[in-house]
Amino acid sequence: QVQLVESGGGLVQPGGSLRLSCAASGTIFRVTTMGWYRQSPGKQRELVAQIGSGETTNYADSVKGRFTISRDNAKNTLYLQMNSLKPDDTAVYYCKITGSPLLVAPRRDYWGQGTQVTVSS
């Protein structure tokens with residue numbers, strides 16, 4: 001069973017930067033979209049950024065111009081560079097990769113366990 005392992009979260013001051021990484025423990029075939037989501041206490045999980053197989057990207061309005069999503073297909077690794085962080089960015093960040101466990105198997109969503117990002121002075 002492939003697992004996604006996130007890293008890079010932590011405590012940062014407003015205006016600071018963090019880089020999140022999401023690595024798959026094994027091979028995920030036929031990957032389509034890869035994305036980052038976040039969830040704050042009392043709120044629903046929301047899409048932060050998404051990247052498609054054709055490298056097309058999509059960002060939440062609240063992070064446009066500050067966050068950059070990228071992927072390394074060879075390593076099945078996803079990144080999120082977060083700059084100019086604000087207290088409102090505080091949340092648990094989750095990565096999601098859509099793909100297949102086998103070449104002939106249906107695609108499914110793989111989720112990471114989440115990494116805490118806290119923006120505070």
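What share of the contacts in the protein with a separation of 6 or more is accounted for by residues 24 or more positions apart? In this predicted model, such residues account for 55% of those contacts.

The protein contains eleven strands and zero helices, and its pattern along the sequence is accordingly β-β-β-β-β-β-β-β-β-β-β. Its radius of gyration is 14 Å, close to the 14 Å given by the globule rule for 121 residues, so the protein is as compact as a globular protein of that length. The C-alpha trace spans about 50 × 25 × 25 Å along its principal axes. Of the 121 residues, 44% are buried. The accessible surface comes to about 6,400 Å², and carbon and sulfur atoms contribute 48% of that area.

With strand β5 (residues 46-51), β4 runs antiparallel, and five bridges join the two. Within this pairing, Y37 has L47 of β5 as its bridge partner. The two strands form a hairpin with six residues between them, and in the turn G42 adopts a positive phi of about 80°. Strand β4 also pairs with strand β9 (residues 91-99), again in the antiparallel sense, over six bridges. Here R38 stands opposite Y93 of β9.

In soluble globular proteins, nonpolar side chains tend to be buried together. In this model, the largest nonpolar core has 30 residues, and W36, L80, M82 and Y93 are those with the most contacts inside it. Several strands contribute to this core: β3 (18-24), β4, β5, β7 (67-72), β8 (77-82), β9 and β11 (115-119) each supply at least two of its residues.

When its neighbours within four places in sequence are set aside, M82 is in contact with G16, S17, L18, L20, R66, F67, Y93 and V117. One of these contacts, Y93, is also the residue of β9 that stands opposite R38. M82 and Y93 are both among the residues with the most contacts inside the largest core.

Key:
Residues are numbered from 1 along each chain as its sequence is written. This is a predicted model: local features need pLDDT of at least 70, side-chain atom pairs count only at pLDDT 80 or more; totals for chains, interfaces and linings use all residues. Side-chain values use heavy atoms; hydrogens and water are left out. Two strands pair if DSSP finds at least two bridges between them. Helices (H or I, at least four residues) and strands (E, at least two) are DSSP runs, numbered from the N terminus. A nonpolar core is a set of buried Ala, Val, Leu, Ile, Met, Phe, Trp, Tyr and Cys residues joined through side-chain atoms within 4.5 Å. Buried means under 20% relative accessible area, exposed over 50%, partly exposed in between (1.4 Å probe, protein chains only). Contact means heavy atoms within 4.5 Å. The radius of gyration is taken over C-alpha atoms; the globule rule is 2.2 Å times the number of residues to the power 0.38. Accessible areas come from the Shrake-Rupley method with a 1.4 Å probe; for residues, only the protein chains shown count as cover.
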